[in-house]
Amino acid sequence: MPLKREASWYKDAIIYQAHVRAFNDSNGDGIGDFQGLAQRLDYVQDLGVSAIWLMPFFPSPLRDDGYDISDYKSVNPTYGNLDDFKKFLAIAHDRGIRVIIEMVLNHTSDQHPWFQESRSSRDNPKRDWYVWSDVDTKYRGTRIIFLDTEMSNWAWDPISKSYYWHRFFSHQPDLNYDNPQVREEMWNVMKFWLDLGIDGFRLDAVPYLIEREGTNCENLPETHTIIRDLRKRIDEEFPGTMLLAEANQWPADLRQYFGNGDEFHMAFHFPLMPRMFMGLRLEDRKPITEILQQTPEIPPSCQWCLFLRNHDELTLEMVTDIERDYMYDIYARDKSMRLNLGIRRRLAPLLDNDRRRIEVMNGMLMSLPGTPIIYYGDEIGMGDNINLGDRNGVRTPMQWSGGWNGGFSAADPESLYSPPILNPVYGYPAVNVLSQKRTEHSLLSWMKHLIQTRRSTHVFGSGSIEFLHPANHRVLAYVRQLEKETVLVVNNLSSAAQAVELDLRRYKGNILIEMFGRNIFPRIGDLPYLLTMGPYQFYWFRLRRI
Amino acid sequence: MAEETLLSDDFLRQLINVGEVDILVGLPTHNNAQTIEPVLRAIQAGILKCFPRERAVIINADGGSHDGTPDLVTGASIDDVRNVLKIHTLRTLHAITTQYAHTPDPALALRTILAAADLLRARACVVISPTSTTIDPDWLQRLARPVYNDGFDLVSPLYRRQKFEGILMSNLLYPMTRAVYGYRIHEPFASEFAVSGHLVSDFLNSEIWNEEWVRVGTEVSLTVMALTGKYRTCQSFLGTKAHVDRSSSDLVVAMRRTVGTLFASLDRNRPLWSTINDSKSVPLVGTPSETEEPEPERIDRKRLWEMFATGVRELEPVFRTILSSTTLAELQRIAALELTEFQYPAGSWATTVYEFAASYHNAVISRDHILQALVPLYRGRMLTFLLENRSSSGKDGDKMEENVEALCGEFERLKPHLLKLWADRR
Amino acid sequence: MREREIIVAELTQAWQELVRGFAHYLPRLVEMLIVAFIGWMIAYFLKLLVRSILGMKKFSKLSESAGTTHFLHQMALPTAPELVSRFVFWVAWLGFILLGVSILPIVALQDYVSRFFFFLPRLFVALLILFFGSLVAGFFSRAALLAAVNANFRSSRLLSFAIRVMVSIFAISMAFEVLGVAEQTVLVFFGAVFGAIMLGLALAFGLGGKDLAREFLERKLSSSKKEEKEDELSPL
């Protein structure tokens with residue numbers, strides 16, 4: 001049963017990012033599945049989020065955690081079947097949770113029947129569905145994304161004796177979007193899932209759809225044309241469906257993906273996230289304000305997607321060299337924590353498991369302009385396992401309780417898809433949902449309270465932002481405003497107590513009401529408003545003229 | 001406490017906003033708008049290049065400029081209000097300014113900077129002269145690194161100068177400091193130097209602030225404190241030192257700030273220096289680069305000679321109270337020499353200086369008059385130094401160094417004379 | 001015989017009178033001597049007291065900072081505490097001696113004593129004025145000499161001497177005025193020879209504005225001689 005189609009539901013949403021495989025195992029085979037996930041929707045609803053984003057669950061050889069899809073129109077058998085998905089979808093909608101799924105447009109698995117046909121002979125009708133070349137020297141200006149594993153964007157196919165194009169792993173050949181048949185077929189795929197009732201797509205790797213000689217093959221105008229076409233069809237046939245772009249680009253380049261409100265509804269703000277970590281460690285708001293000042297205006301119907309951590313590494317592509325070196329030295333001294341141009345760690349270990357730092361980071365996530373995403377497990381402070389390869393260290397089983405396999409699965413621990421975290425600090429005996437539910441001061445309870453407060457007003461999702469520039473650079477302060485509602489947010493990025501004087505003369509006469517405890521602070525007068533802040537403390541004040 | 005009355009409320013508020021820092025760069029100014037911009041840029045570049053991750057602040061202590069110097073400094077702040085500057089930094093780099101007085105007072109400016117460094121708990125405090133137009137970004141590293149990374153407490157500069165610049169330094173301050181305190185520190189009075197936070201707070205908290213000479217010659221006092229206490233001192237080669245604007249370098253004023261302070265410091269530290277009878281070299285950081293110094297301007301030697309001779313003749317009654325009869329006789333002998341054969345020998349000069357120091361100590365006449373009486377004699381010594389090194393060009397500056405070294409030898413050899421004078425007159 | 005007797009009687013009488021007179025005087029004399037002796041003791045005690053009080057660190061510091069130490073050194077005088085304590089001693093003892101003398105029934109002497117006591121404070125003030133006047137004259141003349149020499153002023157000795165004379169005469173005239181001797185003459189003399197302007201100038205050169213005055217002099221002189229390049233070098 002689809003939810004009521006509010007046109008801009010995504011603007012006030014809070015999204016929970018989960019992985020079917022890692023969430024809950026209902027059949028005891030050691031791998032999470034849709035039935036298990038459906039059983040845990042109570043928890044997701046209780047957390048207070050309004051949407052769940054599932055990572056790829058399609059049939060796949062799983063050489064890139066499901067982003068190498070071998071069949072777009074069914075469910076990986078280890079996660080259940082299409083009926084299981086439909087049941088999950090219905091339950092989620094019953095509980096008011098929207099469902100966003102992954103759609104990998106750019107490439108397929110090399111095991112996909114399309115590619116098998118395409119490579120079988122040079123005159124196969126599907127030959128032109130992929131990008132083939134006799135030489136590996138075309139598109140020279142294109143960067144290699146997975147620097148640690150790939151030498152070139154071209155791979156040699158011994159069967160058809162030619163090269164095929166791939167922007168990611170060599171087992172993920174890129175589809176040829178110059179071919180109308182490909183575009184039509186991919187629309188059919190999306191239509192298939194939309195017909196089932198899903199609420200949105202996260203479109204993976206969008207900047208790379210089209211290749212042109214003499215360019216860096218990213219963000220090309222032809223790519224935008226394809227996206228505009230998709231959006232048009234969706235708006236006509238499935239209004240209220242949200243498109244979220246994954247494009248790891250600078251804000252100015254990202255801006256194009258919103259078009260004139262006729263391309264994506266949302267896009268991830270990649271450069272912001274590392275700068276939040278940087279600002280916290282430098283105890284200086286400069287990195288954060290700087291990147292947000294460089295962020296262009298977007299059409300009113302569009303929205304940024306903010307996150308602290310996700311299933312990938314903390315990417316450092318969108319920072320300068322000196323910033324990257326700093327981030328590595330501060331957050332990933334151990335070289336094994338680094339991957340590609342990033343740091344493969346979860347939120348809590350990145351912040352030294354410091355509750356105050358976790359809180360202020362989440363506070364900023366929820367109050368900066370955009371729709372926040374919570375990565376599963378971060379709401380309870382789960383740890384990571386850097387000894388697992390690639391990004392699997394941040395994709396370990398959800399920790400539900402201190403019992404068998406952390407309550408994730410009834411299978412033998414050895415047969416789990418991934419070993420659960422077991423260390424004394426972050427392991428499931430110490431960090432789990434069950435124990436955190438029992439105490440009011442647990443991180444989980446605090447997160448629920450934070451989400452609840454965020455959802456109590458539309459100002460965070462849709463309001464404007466204006467930065468204050470107090471001379472104390474360790475304090476990040478901004479005013480969010482929507483119609484008559486005004487909220488002042490003040491964050492102390494320092495590990496020490498700070499005094500800050502805010503210039504609030506524009507709001508003279510208002511009183512401040514702290515939003516978590518609803519306590520009243522003195523009225524704003526002519527003098528600078530003096531606040532004293534404890535280490536890593538943050539305030540959300542509602543301004544009221546009484 | 002020194003800083004309590006020193007810092008204005010407004011400055012204090014600015015300091016609160018800056019918060020704790022790792023490196024503080026002090027910039028004492030007075031009407032330096034013409035030269036300050038390249039200096040500021042070099043400081044910023046130096047911080048970005050060598051200390052991109054450290055918390056740093058530029059503090060300008062201004063003595064009532066009328067040409068907008070403080071505005072130029074604050075305009076150079078790198079923070080989120082002024083992101084028009086296309087400089088990329090990790091951090092906010094504050095540049096703040098305070099007017100410590102309406103008239104320039106170098107000692108008070110330095111004290112303001114040191115007090116700020118102490119309050120902000122800076123690990124390294126670097127002072128840069130706003131007139132050093134030859135500064136390059138590496139200066140900051142050369143000054144601050146030894147303090148910040150290697151645990152030195154005072155980094156004293158070494159410059160490559162125009163040939164005859166800094167004669168008071170090479171002919172009096174350096175040899176005497178070296179002989180008295182036993183350290184071969186070439187620039188005991190410097191317009192650029194770095195100190196550790198440890199030394200700064202000890203200096204500010206010591207009782208010597210009650211003594212007038214510290215207030216007049218803060219730089220020399222700081223050096224003397226570093227040499228006499230258990231502090232680690234080093235010298236760092238910076239580069240070419242710009243020709244200092246002469247309007248600020250009045251000889252008598254310079255004497256008061258440097259020689260006067262050095263003489264006065266002897267009173268308090270006698271137990272220490274009376275036991276020192278040789279000198280240790282001070283570690284050198286960095287390598288002197290081979291830069292050609294420009295040829296100095298022509299100097300009117302005849303005038304120097306005349307002023308010396310006149311001084312010796314006219315001031316005879318004053319010298320009688322200051323100098324011993326043998327030294328006075330020697331001076332009169334020298335004053336009678338023709339310009340062509342003029343020579344004020346190193347030994348006589350050292351004896352003269354020591355007798356002045358002893359008379360200063362005993363205050364036989366007004367201490368300020370003693371210092372003023374030394375000026376004509378210094379001119380004579382300057383003339384000798386010019387004549388001695390007339391032929392040495394930039395390339396064989398070694399000869400000049402040899403001469404300075406020989407002078408230092410005389411100062412060290414004659415130190416017992418100073419001790420004897422000290423004992424005699426009290 | 002009778003004449004002899006008379007003479008003897010006279011002599012005896014005279015002797016007796018002398019003895020009587022002596023006997024009359026003797027206790028007073030002894031008294032006077034005792035007073036003088038006690039006075040000496042008291043004065044000596046006062047001297048010790050003053051010296052020990054002034055000898056304390058605080059006072060020597062005060063004296064040093066006030067500059068008196070320098071003045072005294074320059075005049076080849078003992079230190080300030082010594083000087084003051086000696087002065088106290090002599091004033092106290094002299095006072096006691098005169099007190100003793102006044103006990104003696106000599107009318108003329110008593111008159112002188114009282115006049116002395118009347119004159120004493122004035123004398124004291126006059127001496128003080130002369131003393132400090134000479135100090136001030138020495139200081140300012142030296143200051144002017146040094147400034148003039150350092151400014152390469154030709155007749156620096158003359159300038160210095162002129163200032164010394166001016167200040168000295170000013171001091172002397174003040175002293176005479178205090179003593180009440182030849183007031184008019186001194187005043188007229190002073191007014192005629194050295195006007196107030198000259199004095200003001202001298203004071204300006206010596207006192208607070210001595211730096212300013214020297215700079216003025218230097219600038220005046222160096223601007224007239226363009227070829228002087230010596231100071232183009234920075235000494236530091």
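These are my notebook entries on a predicted model, taken chain by chain.

**Entry 1: the barrel in chain A**

I started with the strands of chain A. Eight of them close into a barrel, in the order β1-β2-β3-β7-β8-β9-β10-β14, and the pairing is parallel. From one strand to the next, the twist averages 25°. A reminder to myself: strands of a sheet pair through backbone hydrogen bonds, either parallel or antiparallel.

I then looked up two of the pairings. Strand β2 (residues 51-54) of chain A runs parallel to strand β3 (residues 98-104) of chain A, and four bridges join them. Across this pair, Trp53(A) stands opposite Ile100(A) in β3(A).

Leu244(A) made me curious about its strand. Which residues of strand β8 (residues 242-245) of chain A lie on each side? I found Met242(A) and Leu244(A) on one side, with Leu243(A) and Ala245(A) on the other. All four are buried, so both faces of β8(A) are covered.

**Entry 2: Phe268 in chain A**

Next I clicked on Phe268(A), which is found in strand β9 (residues 266-268) of chain A. Is Phe268(A) buried or exposed? I count Phe268(A) as buried because it has 23 C-beta neighbours inside 10 Å, and the cut-off for buried is 20 or more. Leaving out residues up to four places away in sequence, Phe268(A) touches Glu246(A), Cys305(A) and Phe307(A). I also checked Gly370(A), which is 102 residues from Phe268(A) along the chain; their C-alpha atoms are separated by 9.2 Å.

**Entry 3: where chain B touches chain A**

I moved on to the contact between these two chains. On the chain B side I have 14 residues, in contact with 17 residues of chain A. Those of chain B divide into four nonpolar, six polar and four charged.

**Entry 4: two helices in chain B**

Inside chain B I compared helix α7 (residues 167-181) with helix α11 (residues 251-273). Their axes come within 11 Å and cross at roughly 10°. An angle under 35 degrees counts as roughly parallel, so α7(B) is roughly parallel to α11(B). From α7(B), the residues making the contact include Leu168(B), Leu172(B), Met176(B) and Val180(B). From α11(B), they include Ala254(B), Thr258(B), Leu262(B) and Trp273(B). The residues of this contact divide into eleven nonpolar, two polar and no charged.

**Entry 5: helix α15 in chain B**

I tested the length of helix α15 (residues 346-362) of chain B. Ala363(B) follows α15(B), and its phi is positive, near 50°.

**Entry 6: chain C**

Last, I looked at chain C. Its secondary structure comes to nine helices and zero strands. Of its 236 residues, 22% are buried. I also looked at contacts between residues at least 6 apart in sequence: in chain C, 70% of them join residues at least 24 apart.

Note on methods:
Residues numbered from 1 in each chain as written. Chains lettered and ligands numbered in written order. Predicted model: local features only at pLDDT ≥ 70, side-chain atom pairs only at ≥ 80, totals over all residues. Contact = placed C-beta atoms within 7 Å. Nonpolar A, V, L, I, M, F, W, Y, C, P; charged D, E, K, R; others polar. Buried ≥ 20, exposed ≤ 12 C-beta atoms within 10 Å, placed from the backbone. Pairing = 2+ DSSP bridges. Axes fitted to C-alpha atoms, helices over the stretch in contact; angles between N-to-C directions. Parallel < 35°, antiparallel > 145°, perpendicular 65-115°, else oblique.
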